[in-house]
Amino acid sequence: MILETFTKLMAETGFAHFAEWRSLVMVVVALVFLYLAIGKGFEPLLLVPIAFGMLLSNLPGSPIFDQTIFDANGNLITEGLSDRMMNLGLLHGFYLLKPFFPSLIFLGVGAMTDFGPLIANPKSLLLGAAAQFGIFVAFFGAILSWEILPLGFTAQEAASIGIIGGADGPTAIWLTTKLAPVILGAVAVAAYSYMALVPVIQPPIMKLLTTKKERMIKMDQLRFVSQREKILFPIMVAIVVIIILPPAAPLLGMLMLGNLFRECGRTLRLSDTAANALINIVTILLGLAVGASAIGETFLVAKTLMIVLLGIIAFGFGTAAGVLLAKLMNVLTGGKINPLIGSAGVSAVPMAARVSQVVGQQENPTNFLLMHAMGPNVAGVIGSAVSAAVMYSMFNGFVVM
């Protein structure tokens with residue numbers, strides 16, 4: 001009797017499930033992410049919840065996230081749904097809400113962000129657009145793999161992978177949830193990992209493509225932007241862009257609403273909530289859900305490695321494209337633009353702008369590029385949302401014949 005009870009107890013512990021080596025590998029990966037976040041300070045607000053969600057869902061025998069309740073496309077299996085809901089794990093609930101989290105994060109980003117540098121220098125929009133080049137490089141790379149590799153990606157998966165190049169985790173999650181939920185874990189982990197590693201990935205590319213003289217360029221102070229301009233800007237952008245591209249409404253609409261909260265002067269409580277409590281809560285829930293979806297059994301496959309590779313290629317090309325266009329603009333303006341600000345065209349706001357500032361000050365300690373870099377950085381946020389909407393419009397329901 002005692003032996004039987006002990007055997008049953010051991011069967012209920014995680015020790016009985018240690019045979020699944022892939023889950024153990026993911027536990028190690030989660031611990032590495034935690035070290036990078038806590039020990040090295042690489043975007044802990046993003047990596048800590050993602051890594052801990054990954055840890056919780058991959059510990060042997062953990063009931064916190066059971067991927068078997070989803071079908072091959074990542075959708076909830078409706079057969080026997082009531083019974084499944086009774087046994088729903090904690091992180092399952094967060095995961096099912098994932099389609100709404102990116103828009104709420106954009107609401108908070110809008111409330112935190114000053115669009116003044118972009119309004120003061122509209123040419124920044126071009127740098128934000130150029131940095132989206134990496135999205136399409138990765139997209140076509142994934143499409144080509146359909147022809148040359150046995151693990152080829154569908155058009156929807158290729159679009160979801162490409163958006164990693166925008167360095168915008170919420171946008172990548174939004175598009176992947178819509179088009180290719182089956183690869184959500186890999187795309188989300190890659191996108192957020194590269195966002196966290198912006199200070200590591202970007203500087204070598206920036207220095208490779210610019211000269212010391214270019215990096216030392218001091219830019220003129222931006223013009224003053226009135227409150228009226230700041231109020232009208234989010235309203236007009238929402239109207240114009242959403243009329244032209246309706247699928248952009250969930251992300252771009254919330255981004256502009258959050259910024260209107262910030263700038264109108266009448267909604268300080270709403271602005272404070274969106275920029276602090278709301279975005280912090282959503283970041284925790286989304287990070288845990290994304291990390292939990294990275295189950296070893298489905299994550300450690302050849303496709304995931306290809307997604308990670310294409311993601312870094314996309315990010316590198318996006319950074320390079322922004323710097324190269326800024327170099328061209330510098331020539332056309334007679335040396336008035338520091339090419340370093342072009343790297344901020346990716347939408348990792350405000351991390352990419354800070355990197356431009358840091359690299360510039362390494363060459364010239366009196367150089368202050370942060371506000372100049374915020375223009376392309378904000379433009380990159382808008383650009384990634386627009387790019388995602390374009391991809392969604394093109395490939396929603398698209399079937400390869």
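Leaving aside neighbours within four places in sequence, N367 is in contact (heavy atoms within 4.5 Å) with R215, M216, I217, K218, M219, N338, Q357, G360 and Q361. This is a predicted model, where local features need pLDDT of at least 70, side-chain atom pairs count only at pLDDT 80 or more, and totals for chains, interfaces and linings use all residues. Residues are numbered from 1 along each chain as its sequence is written, and side-chain values use heavy atoms, with hydrogens and water left out.

Let us stay with N367 for a moment. You will find N367 in the loop between α20 (351-363) and α21; helices here are DSSP runs of H or I with at least four residues, numbered from the N terminus. N367 counts as buried because its relative accessibility is 2%, where buried means under 20% relative accessible area, exposed over 50% and partly exposed in between, using a 1.4 Å probe and protein chains only. A polar atom of the N367 side chain lies 2.8 Å from the backbone oxygen of I217.

Now turn to the nonpolar cores, which are sets of buried Ala, Val, Leu, Ile, Met, Phe, Trp, Tyr and Cys residues joined through side-chain atoms within 4.5 Å. The largest one has 108 residues, and I161, L252 and L255 have the most contacts inside it. Helix α21 (residues 370-395) gives the most to this core, with eleven residues. Apart from this core lies another, of five residues, among them L107, A111, F261 and A275. As for L255, its contacts beyond four places in sequence are F106, L107, V109, G110, F115, V381 and I382.

Next come the aromatic rings. Rings of Phe, Tyr and Trp (its six-membered ring) pair if their centres lie within 6.5 Å; planes under 30 degrees apart count as stacked, over 60 as edge-to-face and the rest as tilted. By this rule there are five aromatic pairs. One of them joins F139 and F140 edge-to-face, at 5.1 Å centre to centre and 70° between the planes. F139 counts as buried because its relative accessibility is 8%, whereas F140, at 51%, counts as exposed.

What is the geometry of the pair of F139 and F395? Their ring centres are 5.2 Å apart and their planes at 40°, so the pair is tilted. This pair links distant parts of the chain, with F139 in helix α9 (residues 133-148) and F395 in helix α21, 256 residues apart. Together, F139, F140 and F395 form one aromatic cluster.

Notes: Helices (H or I, at least four residues) and strands (E, at least two) are DSSP runs, numbered from the N terminus. A polar contact is a pair of N or O atoms within 3.5 Å; within protein, one must be able to donate a hydrogen and the other to accept it, and residues adjacent in sequence count only if both atoms are side-chain atoms.
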